[in-house]
Structure formats: C-alpha cells, structure tokens
Amino acid sequence: MHIPDGFLATPVWAALDALAAPAVGYAARRAQRGFEHARTPLLGVMGAFVFAAQMINFPIGAGTTGHLVGGALLAVTLGPASAAIVMTAILAVQALVFQDGGVLALGANVVNMALVGVLAGYLPYLLWGATRWRRFSIFAAGALSVLVSAVLALSELLISGVPMSRAMIEISLALFAISAVLEGAITLAVLESLERIQPRLVRQPFPRRSPAFGVIAVAAVLLASVGVLFASQAPDTIQQLTHQTAAESSGWFTKSAAGLGGLALIYGACLLLSRVAGRNRSV
Amino acid sequence: MHHRILERWSRGTSPIHGLDPRAKIAALLVFLIVLATAHRSLALLSAGLFLLLAGGVFRARLPLWAVIERAALVLPFSLVFAIISWAAGDPARGLSLLAKSYLSALAVLLVVATTPLPSLLSGLEQAGVPRFLLLVGQFLYRYLFVIVEEAQCMRAAAAARAGSARAWLAGTARFGAAAGALAVLFARSYGRAEHIHRAMLARGFQGNFQKLERNSFRMSDAGFALTASLAVVALRLAAERLAW
C-alpha cells in the first residue's frame, strides 16, 4: 500500500510533501515533550515491533491470513504524536532500506498512514474509550485508521490520473473494507490481551466530551475521505462551473478572482453560521 | 535476509562511497524530481538515466546485476498498476509507471548502498530533518532484526505446539492465540526499550549519537553534486529535443 515514486502527479506529491514536513516536525516536538531522551529508544523499538508484528499471521478463513498494520494500536498505547513519529520512521526506513515506497512519495505515504491514519485511528478511542462503548471504540479505531489511509491513497492515485475502471475501484473499496474490519478485530484482540498482562501500557482517555461531538467528528473524518474519493473521480466540477459562467474565455486574473470570491463567500457563510450556533449555545 | 547485503555494500570503498552524504542526497533529489516531472519521450530519457545509474553502480564497485535485481523489489506493485492501466486502454501510462518507479528505486538504492546508515542519518540531520525522528529511525533499524528474530522464535514455538495445521479449522482459537502472541511481543519490546534506555544512561548517553568521523563538505563533493545534477538535466533536455 506504499506508493512508489512515479505514480503521483507532481502537484500531488509536492503538496503532500509540503504538508507532511511541518506536521511531522510538530509531532516530533510534541512526542518529545516531558520525556526528554527516554522516549527515543521506546519509539524506535516499538517501530521494530510493528515490523516484526507482520510475521505473526492471523487466520481470516478460507486459508488466507492477514497481519496487523499497527497505526491505531500505537496511537492507543503511545499517544497520537508518538505514534505518528513511529509510523513516519517506519515509512522512511521502508522507503530507504527496503525499496518499499518512494522518496518523493514519502510525504504522501506519511500523510496517509502516519498522520491522518493515526489521527483517525485515535479519534474513536479518545471519544468513547472511557464509556461503555470502549470495545467498539477500539475496533472502530483500527478499522477507521486502515480505511481512511487506504481511501486517501486511492484518491491520490486517482487525482494523479492513474487510470482505473469503475469496477476496479469498487473491488479495491471492498478489499479496503475487509482489511479495515480485520485490522479492527486484530487491534481489539491484541489490546485486550495486552491489558490482561500489562494494563499500564494502555493509555486511558478522559471522559469529557458529549456524544454528539463524537458523532460529528467521526462523520467528518468519513465524509472528508469519502468526499476526496468522489472528488478525485470527477475532478472537473469546478471546471464545469467555470464553463457555465462567463469566466470561461477570460484570462487567469478573472478566474483566480472568481475563485477568491467563492472562497470569501464560503468563509462568510461559515462565519455567520458559527455566530448563530454560538449564540444559541450561550442562551 | 537481504538487509545484510546492503550493510556490506555500504561499507565498501570507492569514490562514490567517499563522498559527503549531503552531496549524494542533493543529487538524488535532483534526479528524482527531474524524472518525476518528465512527461515527453520517456523511453529515451529512461534509457539515458539507466545508463547513468549503471555507470554510478560501476564506479561504486558494486555488483551491477545484484543491484539491478534488488531494485526490482518495487516491480510487483508497479506491475499490478501497469496491467490496470493497460486494461484501461492506456498502455503508455503503464510503461511510464514501470520505468519511473523502477529508476527511482534504483537511484535511491545507489545512494543507500554507498552510504553507511550512520553517515546517511547525520547527512539528513545536517539537511534539516528533525534529530528526534532520525534517532527513532536509527533505533528502529538497530532493533528491527532483534525483534523480528523474537517474532520468528515465537512463530516457531507456536508451530512446534501444532499451532498451525489443525488449528485452521478452529479459526477463532487461533486468532486469539495470535493476538496473545502479539501482546506478549508488544510487552517484551516495551520492556526491552526500558532496559536499553537504562543501559544507555549508564553509559553516559546525552541525547545524541557520537560519530567517529565528521562529515566535511569539500569542493569535490560540491563538484559531484553539480555534475550529477547537470548530467540528469542535460539528459532530459537532450531526450526531449531529440524526440521533438
């Protein structure tokens, strides 16, 4: 699932590299906070653990096996910032030493698996880990992390113009769903065994957020990734819009002005909405 | 395991091994970007770049065929997408995917096979990558084989207790056993990390690895980075001009 070099269009990999670099720097600073040097060997060895975990096969039935991917497991045990650093280090080692994944595409792989994948995997646990939905939240963490990473990778390939038929996309989505369920089940089973032998290794989240917030947050993650997928299949909606309006024949200045105007409009609408929502709450 | 080969290759001596890691990283980035942004007359460009890399491998006194074979690790993934592109009626795109991913892997391999990991990491640090991330990567690489060996031992132990053949039928029990094994591996790795940290503190670790030799960026390094980059750019310009 690691994208090699040569697959992504230049704007895609360049943008994702530019996005990943400061995010990883921020995660590195956060992961270090309060632990000084003690954290370095721990994160390195846990990265080696994720590699080694691929050697232990889980039967799925019909003679096939799967293995742990690990983003959600690391997020629940080490915290999201440390998990992001461990996943980034794993992806870098795989790209450099094992020729698995490209160097220019490293930013894309880091965004998919180490940043968005880990955060999406931590979200359900953060929201429901301390409620009676705890087991479900761990399952959802594993499933969501794999699903979101895979959908993002697929979308990036589609945006870059790798030709794929509709049937091919449907087949890969079905495969993603299966591996997401598998990752959820493995994450849950491993964490439950781990809590039996070493309960201190699993972080406990604080119960404080309302369920509505949680539903909205998870829905936002799903919507964003599914939305990217749909957008990548039909990337010319805005172009159509410009064709319909008069901006078609005019130069780049009018087009960018129209784009900025649209952005300002959306921003204004959001601002208005938040004002209204805020007022309702304070009453 | 195939990682040992890379260790042995990177400890060789040659003009390319002797270069400063920063020069090689800069040349690699130029190579990758020039290749990734190329669209026209890819066949010609690929052939030229392949010859350039082969020359580099030859100059580094590495076994040419073994390097070519190892870079082919990327091909299974690319081949799947090449076939998909072919099926979607775009064979040229499939071929470009194959060529670009293979040549990029070969270029990365050439740099990694001529630079020992410690100096590669210090080069990356001097290039601005966060030191914490590099330290984590270094620990990961150092303990990768230790933990993988532990996992292999656990797998062998499970197989010796007939954890494979009959258990295919009793899927859930086997699933639980695998989860238990992973949990034990996790706890052991965690404990090992704590031991490592204490041992490092006892030996006076101060948050950074000391290297025996310093990297020094000489004129020859700058010359190499410049020549290699110019060669790549010139190849692309020539390929596009010829095809025009």
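**A helix pair in chain A, and its setting**

Author: In this predicted model, helix 6 of chain A brings Arg135(A), Ile138(A), Phe139(A), Ala140(A), Ala141(A), Gly142(A), Ala143(A), Val146(A), Leu147(A), Ala150(A), Val151(A) and Leu154(A) against helix 7 of chain A, which answers with Ser172(A), Phe176(A), Ser179(A), Ala180(A), Val181(A), Glu183(A), Gly184(A), Ala185(A), Ile186(A), Thr187(A), Leu188(A) and Leu191(A). By class, the residues of this contact comprise 17 nonpolar, five polar and two charged. The two helices, which span residues 134-159 and 166-197 of chain A, pack at an angle of about 145°, and their axes lie 7 Å apart; the crossing of helix 6 of chain A and helix 7 of chain A is right-handed.

Turning from the pair to the partner chain, 59 residues of chain A are in contact with 67 residues of chain B. On the chain B side, two or more residues each come from helix 1 (3-10), helix 2 (21-37), helix 5 (75-87), helix 6 (91-112), helix 8 (131-160) and helix 9 (171-202) of chain B, and helix 9 of chain B gives the most, with 21 residues. That side of chain B, where it touches chain A, is made up of 45 nonpolar, 15 polar and seven charged residues. For the complex, the predictor reports an ipTM of 0.88 and a pTM of 0.84.

Within chain B, the assignment gives domain 1 (2-127 + 217-243) and domain 2 (131-202), and the centres of these two domains of chain B, taken over C-alpha atoms, are separated by 34 Å. Four residues from domain 1 of chain B and five residues from domain 2 of chain B form the contact between them, and the domain 1 side of that contact holds three nonpolar residues, no polar residue and one charged residue.

Helix 7 of chain B, residues 117-126, has Ser119(B), Leu120(B), Leu121(B), Gly123(B) and Leu124(B) as its buried residues, and the cover over them includes helix 2, helix 6 and helix 8 of chain B. After helix 7 of chain B comes Gly128(B), with a positive phi near 105°.

As to confidence, chain B has a mean pLDDT of 83, with 90% of its residues reaching 70 or more; in chain B the lowest confidence is in helix 1 of chain B, at a mean of 80, and the highest in helix 2 of chain B, at 91. Where pLDDT is low, the predicted coordinates should not be read in detail.

Conventions: Residues numbered from 1 in each chain as written. Chains lettered and ligands numbered in written order. Predicted model: local features only at pLDDT ≥ 70, side-chain atom pairs only at ≥ 80, totals over all residues. Domains from an automatic or database assignment. Contact = placed C-beta atoms within 7 Å. Nonpolar A, V, L, I, M, F, W, Y, C, P; charged D, E, K, R; others polar. Helix = DSSP H or I, 4+ residues; strand = E, 2+ residues; numbered from the N terminus. Buried ≥ 20, exposed ≤ 12 C-beta atoms within 10 Å, placed from the backbone. pLDDT = per-residue confidence, 0-100. Axes fitted to C-alpha atoms, helices over the stretch in contact; angles between N-to-C directions. Left-handed = near helix turned anticlockwise from the far one by under 90°.
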